[in-house]
Amino acid sequence: MSNQPLVEVENLNVDFPLGRSLLGKPPMLRAVNDVSLKIMPQTFFGLVGESGSGKTTLGRAMLRAAPITSGTISFNHGNTKYDVGAMSKMELKEYRKKAQLIFQDPYAALNPRMTVRDIIAEPLEVMELVQTREEADQKVREIASKCRLNLEHLRRFPHAFSGGQRQRISIARTLVCSPNFVVADESVAALDVSIQADILNLLKSLQNNLGLTFLFISHDLSVVAHICDTVAVMYLGTIVESAPTRSLFTQPKHPYTKALLSAIPTLNPEDRGKAQKLEGEIPSPVNPPSGCRFHTRCPVAEDRCRKEVPQWRESSPGHSVACHLVG
Ligand code: SF4
């Protein structure tokens, strides 16, 4: 495996205008705030946090599907380094073949009027990756087999399938153009627990067999623990902690991470009632708290937390955190 990250994000900010203003610039909402991270090739990088923490916007920015206000996103492919925020139309067309998205909702993601074959083949045709229908059929059959789809089903329409089968069709559609980097945004959230395990195992085996790199976005920490190599925790647009999965789950350092982990349901009766409840709602990103953005909900906040932004520090090898109380 290469030592060079496949995706490198540096000091990324993503802003959205709030409505229109007749007098100058409208107020802006900062959805991603000064985020830096590295995703190594052929790994699962997990991104967790509550709804509204900016996970989806960060993932979309990496695919150039959300505006990049400042900072850089680099994508290293062979000897080519793409600056994702400054690509020409031609480069963007090439990039789209290498970086793809698996949608959250397998029911909404598939066109009900198209057969499974046509749904999977569509990206090949749109991106002009095949010359003939036979060539497209061959690629569709190959990826359908890898995604454990019955080839007989290629002639059917999406309504004939269960949620798990639809998600496998959706995954086949994403992977048919042989991408290197895949953003999986809450890809199992809409499925039953038993089906979730099936889809997670499929993603893991596809990653091994095809050498894929995943950004795996989820609010469910137990799912992330099952599949990811590295995890970053987001709160109100910023990353507050990042570590190899085992280190994050056994030695969480940031109070927000500790609260999220303590809320995972447990079968041990002795652990029940020990969850650290987070008080209040996540604040509005339009007017984020000063200093540490988590101070309004942090059970151990001090005076300086309200004034000083905590620095991002490596507290042990590969384990970094932004908190005044972690040395
Ligand atoms: Fe809590 Fe302060 Fe650490 Fe922020 S910096 S997480 S408010 S202790």
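Modeller: Angles under 35 degrees count as roughly parallel, over 145 as roughly antiparallel, 65 to 115 as roughly perpendicular, and anything else as oblique. Quick heads-up: this is a predicted model, where local features need pLDDT of at least 70 and side-chain atom pairs need 80 or more, while totals for chains, interfaces and linings use all residues. Residues are numbered from 1 along each chain as its sequence is written, and side-chain values use heavy atoms, leaving out hydrogens and water.

Biologist: Okay, at what angle do helix 5 and helix 6 pack?

Modeller: Helices here are DSSP runs (H or I, at least four residues), numbered from the N terminus. Axes are lines fitted to C-alpha atoms over the stretch in contact, and angles run from 0 to 180 degrees between N-to-C directions. Helix 5 and helix 6 (residues 193-210) are therefore roughly parallel to each other. Their axes sit 10 Å apart, and the angle is about 20°.

Biologist: Which residues of helix 5 meet helix 6?

Modeller: Contact means heavy atoms within 4.5 Å. On the helix 6 side, the list includes Ile195, Leu203 and Leu210. From helix 5 come Gly164, Gln167, Arg168, Ile171 and Leu175.

Biologist: How far apart are the axes of helix 3 and helix 5?

Modeller: Helix 3 covers residues 116-126, helix 5 covers residues 163-175, and they pack at about 30°. That makes helix 3 roughly parallel to helix 5. The axis separation is 7 Å.

Biologist: And how many charged residues are in the contact of helix 3 with helix 5?

Modeller: Asp, Glu, Lys and Arg count as charged; Ala, Val, Leu, Ile, Met, Phe, Trp, Tyr, Cys and Pro as nonpolar; the others, Gly among them, as polar. The contact has 6 nonpolar residues and no polar ones. The charged count is 2.

Biologist: Last one: does Lys81 count as buried or exposed?

Modeller: Lys81 lies in strand 5, residues 80-83. Exposed means over 50% relative accessible area, with partly exposed in between that and buried (1.4 Å probe, protein chains only). Lys81 has 55% relative accessibility, so the label is exposed.

Definitions and conventions: Helices (H or I, at least four residues) and strands (E, at least two) are DSSP runs, numbered from the N terminus. Buried means under 20% relative accessible area, exposed over 50%, partly exposed in between (1.4 Å probe, protein chains only).
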